[in-house]
Amino acid sequence: MPHQSAALQLGGAGGRVAFLLAFCALALAAIALQFAKVRALYGGDASDERRVNCPSCGARTAVDEEVCEYCGEPLDGGAE
Ligand SMILES: [Zn+2]
């Protein structure tokens, strides 16, 4: 039947596309994992309002701290 042969051809092409999509999904997952690791290393999400960037060294540090926990420079009250 014509329908079956057409379906087989589409299946062959679809298999390649599916393989490429799976490869891309794996690559994106690996990249997302790396971003998650980097975020964890640098003190969490950038939108976390309880942490500010040190005006001196740029490190993420808690707004509760009077001085930067990395370089010891005083924080200027979270003013931006
Ligand atoms: Zn600092």
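A quick definition before the first stop: a residue is buried if 20 or more other C-beta atoms lie within 10 Å of its own, exposed if 12 or fewer, and partly exposed in between, with the C-beta atoms placed from the backbone. By that count, 8% of the chain's 80 residues are buried.

What you have on screen is a predicted model, in which local features need pLDDT of at least 70 and side-chain atom pairs count only at pLDDT 80 or more, while totals for chains, interfaces and linings use all residues. Numbering starts from 1 along each chain, as its sequence is written.

Now colour by pLDDT, the predictor's confidence in each residue on a scale from 0 to 100. The chain average is 78, and 72% of the residues reach at least 70.

Switch to cartoon next. Helices (H or I, at least four residues) and strands (E, at least two) are DSSP runs, numbered from the N terminus. Select residues 2-41 for helix H1, which has the lowest mean pLDDT among the elements, 80, whereas S2 has the highest, 86.

Next, go to Pro55, in the loop between strand S1 (51-53) and strand S2 (60-62). Buried or exposed, or something in between? Pro55 is partly exposed, because 14 other C-beta atoms lie within 10 Å. Leaving aside residues up to four places away in sequence, Pro55 touches Leu75 and Asp76; a contact here means C-beta atoms, placed from the backbone, within 7 Å.

Finally, select Asp76, in the segment after S2. Asp76 is exposed, because it has 11 other C-beta atoms within 10 Å. Draw a C-alpha to C-alpha distance from Asp76 to Cys54 and you get 8.8 Å, for residues 22 apart in sequence.

Technical notes: Two residues are in contact if their C-beta atoms, placed from the backbone, lie within 7 Å.
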